[in-house]
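Biologist: Could you walk me through reading this structure?
Modeller: Gladly; let's look at it together.

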Amino acid sequence: MGMESILKARELLAEVTPLKRDCGRICGARCCASLEGEETGMLLFPGEEDLYETADGWRMVPAGREMLIICPGKCRREDRPLACRMFPLLPVPGEDGIRVRTDERSRAVCPLARQGKRGMDPAFAGAVKQAGETLAADPAQKAFLLRLAEEQEELRTLRKRLGG
Ligand code: SF4
Ligand code: SF4
């Protein structure tokens, strides 16, 4: 299910990062840190779990229709799940194609989230868009992106209600 599009999307995001320099140095890699006593997982794209079946130190936990992955806290770029490769942006399918938006879940964590993609390397935002287009051409992946978009809408509404 969807492995070709996942591999292609991962490849598109293999080298690019939000900034030309290592943004983890600015913030101490906050997006990779778990809160004390809490494990933070990333949602895997449908089928992406197959890539981690035998990976040491990675653990998968079902979360409703999706699968969460708990990472070892440090990783090689080639092992990084798609969710981490795109963070703090997210491709959102719309009537006029893929739009790249700031991931609502990044706002509390990532210092780059406030400025959004305007403050990031255009090559990174471009790669997120291309990865989104690749994924959206696959029905299972598109359905997942649409579920994420729905969740983003709920989070956005909540943030606005709370005055964020
Ligand atoms: S929290 Fe944001 S700035 Fe920090 S490492 Fe993650 S993506 Fe980069
Ligand atoms: S998989 Fe890698 S990039 Fe993603 S949270 Fe874990 S250490 Fe950070």
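Biologist: By class, how many residues of the shell around ligand 2 are nonpolar, polar or charged?
Modeller: This is a predicted model, in which local features need pLDDT of at least 70 and side-chain atom pairs count only at pLDDT 80 or more, while totals for chains, interfaces and linings use all residues. Residues are numbered from 1 along each chain, and side-chain values leave out hydrogens and water. As for classes, Ala, Val, Leu, Ile, Met, Phe, Trp, Tyr, Cys and Pro count as nonpolar, Asp, Glu, Lys and Arg as charged, and the others, Gly among them, as polar. Here the ligand 2 shell has eight nonpolar, one polar and two charged residues.

Biologist: Which residues surround ligand 2?
Modeller: A shell residue has a heavy atom within 4 Å of the molecule. For ligand 2, the residues include Cys31, Cys32, Met42, Trp58, Lys74 and Arg80.

Biologist: And which residues surround ligand 1?
Modeller: Among them are Cys23, Cys27, Cys31, Phe87 and Leu112. That shell divides into eight nonpolar, one polar and no charged residues.

Biologist: Which residues touch the most other members of the largest nonpolar core?
Modeller: A core joins buried nonpolar residues (Ala, Val, Leu, Ile, Met, Phe, Trp, Tyr and Cys) through side-chain atoms within 4.5 Å, buried being under 20% relative accessible area with a 1.4 Å probe, protein chains only. Of the 26 residues here, Leu13, Phe45, Leu82 and Leu135 touch the most other members. A second, separate core of five residues includes Met42 and Trp58.

Notes: Chains lettered and ligands numbered in written order. Buried < 20%, exposed > 50% of the residue type's maximum accessible area, 1.4 Å probe, protein only.
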